[in-house]
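Hi there,

I am handing over the structure we talked about, so please open it beside this email. My notes on it follow below.

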Amino acid sequence: MKWQQTPIKRCAEKSGEPYILHPLAVAKICTEEIGLGIRSSICSLLHDTVEDTDISLEDIEREFGQEIARIVDGLTKISNVIDINASQQAENFKKILLTLTDDPRVILIKLADRLHNMRTLESMKREKQLKIASETVYVYAPLAHRMGLYSIKTEMEDLAMKYMEPDVYRDIAKKLAETKRERTKYINEFIRPIKEKLEKGNFKFEIYGRPKSIHSIWNKMKKKGVDFEEVYDLFAIRVLLDSPHEREKEDCWKVYSMITDEYTPSPERLRDWLSNPKSNGYEALHTTVMGPQGKWVEVQIRTKRMNEIAEKGLAAHWKYKEGTSDESRFDKWFQQIREVISNQETDSIDFLQDFKTSFLAEEIYVYTPKGDVKMLPVGSTALDFAFAIHSAVGSKTIGAKVNHKLVPIGHKLRSGDQVEIITSNKQKPNEDWLGYVVTAKARGRIKDALKEEKKGKLQTKGNMQYSASWMAWALY
Ligand code: MN
């Protein structure tokens with residue numbers, strides 16, 4: 001029987017660790033950090049077997065059943081081979097997404113696998129470290145973010161940065177450590193009056209300061225062109241409430257009100273993800289207030305349930321989904337991905353780029369004239385919005401009214417905009433439109449329309465010339 005053979009493992013060759021440690025670690029991440037169940041843990045234990053040993057998929061199906069075999073198959077298709085070029089990498093990613101839409105557990109286990117690879121990157125050669133790390137920031141961290149796995153995303157980014165920018169990483173880590181005492185003192189000073197108020201209000205809560213990740217601090221430094229000393233939000237204050245489901249929203253706003261009675265909020269920094277959760281399931285209330293010594297401090301208010309969703313993402317979301325009437329935003333997201341993948345003929349690299357801008361970017365919320373909300377990636381235009389409503393609307397768009405003002409189709413939308421699309425039956429997509437859209441759906445539909453037209457033109461070239469001259473006459 002094949003099971004008795006000792007598998008030879010790539011990781012083991014490099015780190016010298018026994019083979020079983022890696023799958024065990026991945027299974028541990030799946031259960032403890034993502035909150036997956038029994039079947040997923042079995043799959044994570046088996047995830048490398050087909051690829052690295054003589055055990056076949058049939059063996060797995062015979063021993064563990066069809067469902068587990070299918071997931072392991074999905075995980076095997078997502079090859080771990082690192083020495084590949086960009087287009088193969090993109091092709092790989094396309095495969096990940098195809099399996100993802102069959103069963104999201106595949107992608108969650110894959111993320112756990114990747115996280116463990118990142119945690120043990122030390123033992124790899126420098127060149128491979130760089131390849132794995134860059135692939136992680138490019139694809140896996142955004143994917144983890146999109147799945148709502150914030151802590152995994154953050155850890156992936158920090159680990160990648162440790163290998164890609166070792167000097168900056170060490171420098172920031174050192175400065176963070178040096179300023180820790182000062183920071184703790186400030187956080188305590190900030191928290192004290194809030195704590196008293198919450199206790200008086202009989203809330204069950206936790207409140208603490210949370211350091212921002214090295215990667216996000218570095219991003220701020222780059223974006224604003226400032227030194228470490230000038231990055232003001234090195235930490236955020238988090239209030240975790242223990243509230244019954246029906247009082248969650250009300251309680252969060254009560255706490256918001258108590259905090260802003262104490263410290264002045266910055267009006268443009270209020271984020272209400274209670275009324276409009278992000279499509280990855282994230283719910284919370286964020287605000288930035290002016291704390292002691294005139295320093296801006298970010299405060300995040302959420303309940304324990306919301307916190308579990310923020311940490312464990314998708315899996316926790318499913319756990320809580322039962323009993324709510326809310327249509328799952330994940331399901332919608334998967335549906336959109338499926339739609340895009342199913343009518344894709346573009347080459348993989350294009351696809352990857354499209355996918356990144358369409359599905360992994362941050363979102364904006366825009367409204368139809370009737371008040372329905374649409375979520376679009378940052379950078380979306382009026383034309384993207386039109387295609388998001390319906391392809392038939394998109395192809396006939398001649399302009400739009402944003403907040404009642406007339407704008408061209410390439411107008412970039414902002415969160416909170418109300419958009420009305422203006423169409424004409426004479427309108428049709430042209431080549432320039434590809435430069436006005438960022439969503440994969442709009443791009444795909446425009447390309448389809450252009451292709452159709454080309455085909456049509458070839459067949460009716462004679463007629464077209466005729467009708468063109470006829471039109472010229474008609475104009476006289
Ligand atoms: Mn693995």
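What share of the residues of the protein chain count as buried? Of its 476 residues, 47% do; buried means under 20% relative accessible area, exposed over 50%, and partly exposed in between, with a 1.4 Å probe and protein chains only.

Before going on, please keep in mind that this is a predicted model, where local features need pLDDT of at least 70, side-chain atom pairs count only at pLDDT 80 or more, and totals for chains, interfaces and linings use all residues. Residues are numbered from 1 along each chain as its sequence is written, and side-chain values use heavy atoms, with hydrogens and water left out.

**The chain as a whole**

The protein chain has 22 helices and 10 strands. These are DSSP runs numbered from the N terminus (helices: H or I, at least four residues; strands: E, at least two). Among contacts (heavy atoms within 4.5 Å) between residues at least 6 apart in sequence, 65% join residues at least 24 apart.

**The metal site**

A manganese ion is held by His22 (NE2), His47 (NE2), Asp48 (OD) and Asp113 (OD), at 2.2 to 2.4 Å. Donors are N, O and S atoms within 2.8 Å of the metal (3.2 Å for Na, K and Ca); water is not among the atoms, so sites may look incomplete. Along the sequence, the spacing of the donor residues reads H-x24-H-D-x64-D. Both histidine 47 and aspartate 48 are buried.

**Strands β8, β9 and β10**

Two strands pair if DSSP finds at least two bridges between them. Strand β8 (residues 397-402) runs antiparallel to β10 (residues 419-423), with five bridges, and antiparallel to β9 (residues 405-407), with three bridges.

**A residue in a loop**

Threonine 368 sits in the loop between β6 (363-367) and β7 (373-377). Is threonine 368 buried or exposed? Threonine 368 counts as buried because its relative accessible area is 11%. Leaving aside neighbours within four places in sequence, threonine 368 is in contact with Phe385, Gln418 and Val419.

Enjoy exploring, and write back with any questions!
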